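Dear colleague,

I am handing over the structure that we spoke about, and my notes on what was found in it follow below. Please read them with the model open beside you.

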Amino acid sequence: MIEKIKNLVNKRYFHVCMTILIIVVILFIVGMLILKYNVEGETNMPFNLTKITVISSSEGIDKDAGENKWAFDIYQNNDIYIYIDKNENYKETEAIKNIVIDNFTIEGQMKENIKIYKPEFEEEDVIFKYSEENKVDRLEYIGELINDIKTMQVSNQGGIIAFRCSNDNLTEYRSDEDTINHNELLKKANITNESLQFNLKFDLSIILENGKEFKTNVELNLPVDDVVNNGVTSKEFTDMSKFVFKRIKN
């Protein structure tokens, strides 16, 4: 029996089979590790995405009223605030070089109307302004010592970044009422929540001073809640587990 086993082991096809088996096992282990990484991503990020806050509202932009008392172009705004915090369990010292938001995709009934706005810099009391120079398809926040949304600076140890996703010029509304409540404009113009709904996706990249880069894709359904009847709605998203960061550069 022992002699038969020795003869089997010494045969060439046995060594070929064992080599193939070892390669298959290695490939299986590598495949499982890749699958695990694709599902879980980076498990110990130097900075974490901790919260996203969305404020949905309506706004009327004045226009020539003609024979009426009032005339507005109605906009529906979604102001998005993204919170990046330092991971206290990360042992090394890191600093944010910049944070980039790009690769926007929009799906919805009114997707052609929807524009992305960066924060307004020149007007002191305004965070967002409808201007051509503020319309963007990419945002970049620079890592600095302090956090300042209006100048698009984020603290290099974590902070808040923001942008506006606006459904521009939905419709015109004219009125002869004595006063106008902008929170009621969507309802008065017979706009429905269903017609406003759209899906927004974008990439969020965190680039560190040492060259490391981490990227995730964020997906939001906007506007949040019943903005037509409430005028202003807000929602905080704190479960960030579905946003998986992958390392793009080491």
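**The sheet around β9**

In the hairpin that β9 and β10 form, four residues lie between the strands, and glycine 211 takes a positive phi near 100 degrees. Please keep in mind that this is a predicted model, in which local features need pLDDT of at least 70 and side-chain atom pairs count only at pLDDT 80 or more, while totals for chains, interfaces and linings use all residues. Residues are numbered from 1 along each chain as its sequence is written, and side-chain values use heavy atoms, with hydrogens and water left out.

Strands here are DSSP runs (E, at least two residues), numbered from the N terminus, and two of them pair if DSSP finds at least two bridges between them. Strand β9 (residues 198-208) runs antiparallel to strand β3 (residues 96-108), to which 10 bridges join it, and β9 also pairs in the antiparallel sense with strand β10 (residues 213-222), again over 10 bridges. Aspartate 203 in β9 stands opposite aspartate 102, and aspartate 203 also stands opposite asparagine 217 in β10.

Why is β9 largely enclosed by the rest of the structure? The reason is that 10 of its 11 residues are buried, meaning under 20% relative accessible area with a 1.4 Å probe and protein chains only.

Best wishes

Methods
Buried < 20%, exposed > 50% of the residue type's maximum accessible area, 1.4 Å probe, protein only.
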